[in-house]
Amino acid sequence: MGITFRKETFRDDFSFRNSPEHIRRFPFPFHEDSYMYAVNIEPHVLGPKGSVLENLIDVDEHYVAEMQDRALVLAEDPLRCQSLPHMTLAGWDLLELLMEQQALGYPEHFTLTRDGDRWRWINRPLGIDDTFTFGDTSTLPYGPMEYITRQSQGDFCILDQRDGNLWMDAGMVTTQADWSLDFDIGMNFFEWHAPVPLAHEKGIFVRALKFLTNIQQGKPARRLNWTMTINPRLDTSPENYHKWGPDRTTVTAENVGDKVHLRVELQSFWRLPRSNGIVFPIRCYLIKMDELVMQPKWARRLHRVIRDLPEELATYKGLTRYRPTLVEWLSKLDDGSPTSPGFGPD
Amino acid sequence: MSTGTTKLDVVVSDVVPVNDLVTRFHFRRRDGELLPTFSGGAHVVVEMRDGERTRLNPYSLMGSPLNTSEYTISVRRDDVGRGGSLFMHRSVKPGLEMVISYPVNLFSLDLRAKKHLMLAGGIGITPFMAQTAQLAAEGGNFELHYTCRTASLGTYADVLRERYDRRIRLYHDDRDERIDLDRLLSSQPLGTHLYVCGPSGMIGWVRDRAAALGWPSETVHFEHFAAPQPGAPFDVTLAVTGKTIRVDEQQSLLEAIEAAGVDPPYLCRGGVCGQCETNVISHDGKFIHNDHWLSEEDHRSGCKIMPCVSRFEGRSLVLER
């Protein structure tokens, strides 16, 4: 039995919803009642069945709608997808990784057949059946990175590794939390993280870079990050700030549950074998407050996290304007009783 | 956050003597599947089970990255080393089951380069075997200058000339042929990257001349595995695990720590990657630092050691392991 793909939108009428199964599998990012940065990196290994870690590259009920939204973003702004000239080999590495993982995890939806460098890729949800020569860009309708990331949920940054640093030299970025590939392209690890508050002083980026440059083939790693978004909008880019920025003024006590979404990024890190680069998929999961608070533990914990969040973090994550309204709304769902350890619902 | 590598169960599929000093070993997966894809310049760590002793040595993969049905390495016999190369030459036969690590690349090509200028000395030729194969397949621009003692010890010189013709320049010590390094480095097009692998004297010489001639350091790449050197035995206390161990003459400190059942992270086992860096809690004696990872300041401080290649002489050494 395959996935039933939802027909929904991430713009205009915002018809995006999670099914009950997807609410339960939501990757809630808080393991305790407070939040502060940490180098929260762990091995990216398979998790429990029915969780977003059931496969290392997750495909879910939003797949088709997300790919349609990506195509709309790219049609308006092709610079969301860029690859510097030396990154084509890494693009092939990524194509192989995503085809292998999607075919492995979802054989009813994706099939990869290889005969030497003659490859056939079948993507049933999107109605694609292409035969091409691996390594020969002229046999695909797009470059290898663009081709496969138009068919894979989440944003993808491909980092070149040289001079003991990582360089943002290619990417497909259409579902981002207010950062721009076009601005960051060609930057190194410290440069593109420069706007993040507090973490530099804690030495987090030095340690994180040391870890990432040592990521080994066959041993991917992952971490969770989070922010909040008003309306289920995937494309919250600086380029389109004029479209989504004003949404933050529309939150009222009446519409908090429907409008405010927790936005969780499952970030993973993989060594690419041919190019020796690193690919950094940033997979975005959205859940509206009305859906999230169906798990009482999550409601209590989110209330405490948002209420006690340091001011710098709240500003960086863009919560300042509606935080009081949200905290007030969540407080009614927090009876003060303890929460159990760990991420999952009770 | 341990970052050891995943292991591969392999079988030795062929052993081919190349010349008086060098033998090539071929590995295939025991389950018959393809080996992981790798990039030119990558190495694997080979586990050598020699009776009671296990040695782990890094060797560059020298086959084409396009062929993952087998991995090949070339081992130069070192008659005065710790015995790893002698074990490979004497005891490893076709059919032997061995364990190797996943490939790790600490000597990667810079794919931005308009031209790749490669300098090899002796057995330092091996990573270039894979890199030239990778570049040739993509139509890449490269030129390899290879210094060897004699024509008969010019490991794979014939193969390289056959494959790449004029892109390979050979220099034989016994014929007094020398690279005109300054001229070579002064006549490269903009966008050239320089790669050097060979004896440490050669690496130092090339890096110094490149710096003197104005090459930016990010365009100069080098592979500098120091093989662990034998030395006088010494005793070490591991404070965290509460063990006292003896490091034998032919054993590295890292191998002795592992033999005691403690597993620090590692990648290169050649003093370059930094993974096994270990804090010194106290010492009474002299360090013999052989790594290329710690700064001179670290070496002088006596607070850190790279157990994969460095040793100790003296009365007591206590490590945070």
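A helix axis here is a line fitted to C-alpha atoms over the stretch in contact, and the angle between two axes runs from 0 to 180 degrees between N-to-C directions. Keep that in mind as you work through this predicted model.

**Exercise 1.** Describe how helices H11 and H13 of chain A pack together.

*Solution.* 
- Step 1: Find the helices. H11 covers residues 296–308 of chain A, and H13 covers residues 323–331 of chain A.
- Step 2: Look at the geometry. The axes lie 9 Å apart, at an angle of about 150°, and the crossing is left-handed.
- Step 3: List who meets whom. From H11(A) come A:Ala299, A:Leu302, A:His303, A:Ile306 and A:Arg307, and they meet A:Arg323, A:Leu326, A:Val327, A:Leu330 and A:Ser331 of H13(A).
- Step 4: Sort these residues by class. The contact holds six nonpolar, two polar and two charged residues.

**Exercise 2.** Decide whether B:Leu319 is buried or exposed.

*Solution.* 
- Step 1: B:Leu319 sits in strand E17, residues 311–319 of chain B.
- Step 2: Count and compare. A residue is buried if 20 or more other C-beta atoms lie within 10 Å of its own. B:Leu319 has 25 C-beta neighbours inside 10 Å, so B:Leu319 counts as buried.
- Step 3: Name some partners. Leaving out residues up to four places away in sequence, B:Leu319 touches B:Val236, B:Leu238, B:Ala239, B:Thr278, B:Val280 and B:Ile281.

**Exercise 3.** Work out what each chain brings to the contact between chains A and B.

*Solution.* 
- Step 1: Chain A supplies 16 residues and chain B supplies 20 residues.
- Step 2: On the chain A side, four residues are nonpolar, eight polar and four charged.

Note on methods. Residues are numbered from 1 along each chain as its sequence is written. Chains are lettered from A and ligands numbered from 1 in the order in which they are written. This is a predicted model: local features need pLDDT of at least 70, side-chain atom pairs count only at pLDDT 80 or more; totals for chains, interfaces and linings use all residues. Two residues are in contact if their C-beta atoms, placed from the backbone, lie within 7 Å. Ala, Val, Leu, Ile, Met, Phe, Trp, Tyr, Cys and Pro count as nonpolar, Asp, Glu, Lys and Arg as charged, and the others, Gly among them, as polar. Helices (H or I, at least four residues) and strands (E, at least two) are DSSP runs, numbered from the N terminus. A crossing is left-handed if the near helix is turned anticlockwise from the far one by less than a right angle, and right-handed if clockwise. A residue is buried if 20 or more other C-beta atoms lie within 10 Å of its own, exposed if 12 or fewer, and partly exposed in between; C-beta atoms are placed from the backbone.
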